[in-house]
Amino acid sequence: MFGKNVMKYPVLIMGIMMFGIFLSQDSTKKWWEKQKTRLIPSTCKAVIDRVQKKSPSDWEMECLNTSFLRLTINFNREAKNKKLLRVAMYRELANTYSQFAQFANIALPYVEGNKKKVYNEIETLEHLREIQIILKHKNLQILSQSDGQAVAKFLELKRPELIADHLKLTVKVVEKRF
């Protein structure tokens with residue numbers, strides 16, 4: 001009985017099947033997740049919107065919650081030995097924190113009379129609770145974690161010695177060897 005009724009409307013059945021396939025795709029699930037969270041204020045998404053335009057193509061950013069950002073970078077350079085690889089990866093880590101702070105905190109200019117001045121808005125980077133940067137290489141992986149206020153401080157530091165000291169003080173680091 002059911003089979004006969006189904007055969008009367010083959011286009012309807014095909015439409016239902018196609019709609020089911022559409023709903024089961026990953027892109028549709030991502031769209032629904034985006035629609036569910038679009039009215040929830042998120043510091044992480046605001047930072048990603050600022051940084052993503054200027055960031056290198058090998059940076060993968062994701063929000064784990066409203067104030068926790070994860071940045072993953074594939075480190076493809078080769079080194080002669082493990083010690084030089086480790087040094088190069090830590091240098092890249094410090095540079096990444098500095099670049100991230102520069103990309104996230106944009107100084108906006110304004111004109112007062114005939115003088116051009118620069119000021120910063122209320123910065124969203126400082127309101128992030130956790131920032132995690134992961135550097136991946138086939139032999140070594142460096143997991144680092146800090147908070148937004150410490151990362152925003154990288155913007156003020158110019159000399160490599162000061163950047164290295166600040167990195168040692170404010171960033172928690174774990175290494176995984178393969």
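**Exercise 1.** In this predicted model, determine which residues of helix 4 meet which residues of helix 5, and classify the contact by residue type.

*Solution.* Step 1: on the side of helix 4, the residues in contact are Val 47, Arg 50 and Val 51. Step 2: their partners in helix 5 are Phe 100, Phe 103 and Ala 104. Step 3: sorted by class, the contact of helix 4 with helix 5 has five nonpolar residues, no polar residues and one charged residue.

**Exercise 2.** Describe how the axes of helix 4 and helix 5 are arranged.

*Solution.* Step 1: helix 4 spans residues 43–52 and helix 5 spans residues 82–104. Step 2: their axes come within 8 Å and cross at roughly 100 degrees. Step 3: angles of 65 to 115 degrees count as roughly perpendicular; therefore helix 4 is roughly perpendicular to helix 5.

**Exercise 3.** State which residues make the nonpolar surface patch and which helix gives the largest share.

*Solution.* Step 1: Phe 19, Phe 22, Leu 23, Trp 31 and Trp 32 form the patch, with an area of about 570 Å². Step 2: two or more residues each come from helix 2 (10–23) and helix 3 (26–37). Step 3: helix 2 gives the largest share, three residues; Phe 19 is placed in helix 2.

**Exercise 4.** Find how many salt bridges the whole structure holds, and locate the one between Lys 36 and Glu 33.

*Solution.* Step 1: the search of the whole structure finds eight salt bridges. Step 2: in the bridge of Lys 36 with Glu 33, the closest N and O atoms are 3.2 Å apart. Step 3: both residues lie in helix 3, three residues apart, about one turn of the helix.

Definitions and conventions:
Residues are numbered from 1 along each chain as its sequence is written. This is a predicted model: local features need pLDDT of at least 70, side-chain atom pairs count only at pLDDT 80 or more; totals for chains, interfaces and linings use all residues. Side-chain values use heavy atoms; hydrogens and water are left out. Axes are lines fitted to C-alpha atoms, for helices over the stretch in contact, and angles run from 0 to 180 degrees between N-to-C directions. Helices (H or I, at least four residues) and strands (E, at least two) are DSSP runs, numbered from the N terminus. Angles under 35 degrees count as roughly parallel, over 145 as roughly antiparallel, 65 to 115 as roughly perpendicular and the rest as oblique. Contact means heavy atoms within 4.5 Å. Ala, Val, Leu, Ile, Met, Phe, Trp, Tyr, Cys and Pro count as nonpolar, Asp, Glu, Lys and Arg as charged, and the others, Gly among them, as polar. Patches are made of residues with over 30% relative accessible area and no salt bridge: like charges are joined within 9 Å, nonpolar side chains (Val, Leu, Ile, Met, Phe, Trp, Tyr) within 5 Å. Accessible areas come from the Shrake-Rupley method with a 1.4 Å probe; for residues, only the protein chains shown count as cover. A salt bridge is a side-chain nitrogen of Lys or Arg within 4 Å of a carboxyl oxygen of Asp or Glu.
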